[in-house]
Amino acid sequence: MKKFDINRFGKVMSRLILVRRRSIIKLFAGFLIGFFVIAIMFLFDRSAMSDDDIRIRLWVISPFINVVFAMSLFIIATFIISDLGTRQQRINEMMLPATNLEKFLARVILVSVVYPLLIAIAFIAADGLQQLTSTLIFHDGRASLVATWYEYCQSSSTGSPLWVMAEVVLLTNSFALLGGMFFRKTAWLKTLISLFVIITGIAISLTTFAYLLYEHTDYELVVTDDTLSSIIGNLICLGLTVLMYWSSYKIYTRLQVINNRWRNF
């Protein structure tokens, strides 16, 4: 059983969704309530409001919605093995009649595709509830949170190519998955802290290097936007992404029934 089998993979995926059905329901309900409460809180007003008034208030919360989406997609990726906390759960995972690749890929798809889709559906459903509530409270005045948020994203778009955005999404997703595989307890928090430390370290290193270069040499630091630099940067991001996905898979293939103490953090 070394080859990838699509039928067996489908069964592994179905089993994983069944095992995590409670967390899936909680995730959907939590985001549904959260988005609805956010919208209603910003719309709370005793006086009657027109469609344009409601749209303006929904526009104001659109940047916050973006932050919620970005943080949520990063954090939920760290839950890749959150259901393998006990000894029996890890035994059941190892005894599952499927290849490591099939089991790992099912988990990646769950936290990277299925969960984000649930969040998107919860966002749309919360918008429907928000419009219904707005119609009842503001005397038929209503506006779509989804449409307003989409318009905001279009207006604030930096014009970056789609492949660049996909590159950033894959890079952050691979880092979150690696953090979820590496850390055992409160993986999301430790992964966020690790990301902050790494970004801070890179920023300090670059700033220090530029300062030393400026103060102690005659070289001039020139930032260019040429094709070669862009290609090198893209290759580095691609290499890091592949490395982190591969590392996550390797850690998964070495899961132990009983965690070593030095790894049990």
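Hi everyone. Let's start with a word we'll need: on a 1 Å grid over the protein atoms alone, a pocket is an open set of points with protein on both sides within 12 Å along at least five of seven lines. Please keep in mind that this is a predicted model.

So, how big is the largest pocket here? Its volume is about 1,200 Å³. There are 35 residues lining the largest pocket, and the closest to its centre are F69, A70, L73, M165 and V169. Which elements give two or more residues to that lining? They are helix 3, helix 5, helix 6, helix 7 and helix 8. Helix 7 provides the largest share, with 9 residues.

Helix 3 has 27 residues, and from its first C-alpha to its last it reaches 37 Å, close to the 39 Å expected at 1.5 Å a residue. If you trace helix 3 on the screen, where is the kink? Look at S62, where there is a kink of about 35°, shortly before the proline P63.

S62 is also buried. Other buried residues in helix 3 include I54, L58, I61, I65, V68 and F69. Here is a handy rule for reading such a list: an α-helix has 3.6 residues a turn, so residues three or four places apart point the same way.

One last stop: cavities. How many cavities of 30 Å³ or more does a search of the whole structure find? It finds 1. The largest cavity holds about 30 Å³ of space. Its lining is made of V12, R15, L16, E93, K103, A106 and R107, and helix 1 and helix 5 are the elements giving two or more residues to it. By class, the lining of the largest cavity has 3 nonpolar and 4 charged residues, with no polar ones.

Terms used
Residues numbered from 1 in each chain as written. Predicted model: local features only at pLDDT ≥ 70, side-chain atom pairs only at ≥ 80, totals over all residues. Heavy atoms only, no water. 1 Å grid on protein atoms, 1.4 Å probe; cavity = no way out; pocket = protein on both sides within 12 Å on 5 of 7 lines; lining within 4 Å. Points joined across faces, edges and corners; volume = space filled by probe spheres on them. Helix = DSSP H or I, 4+ residues; strand = E, 2+ residues; numbered from the N terminus. Expected span 1.5 Å × (residues − 1). Bend = angle between axes of the 7 residues up to and from the residue. Buried < 20%, exposed > 50% of the residue type's maximum accessible area, 1.4 Å probe, protein only. Nonpolar A, V, L, I, M, F, W, Y, C, P; charged D, E, K, R; others polar.
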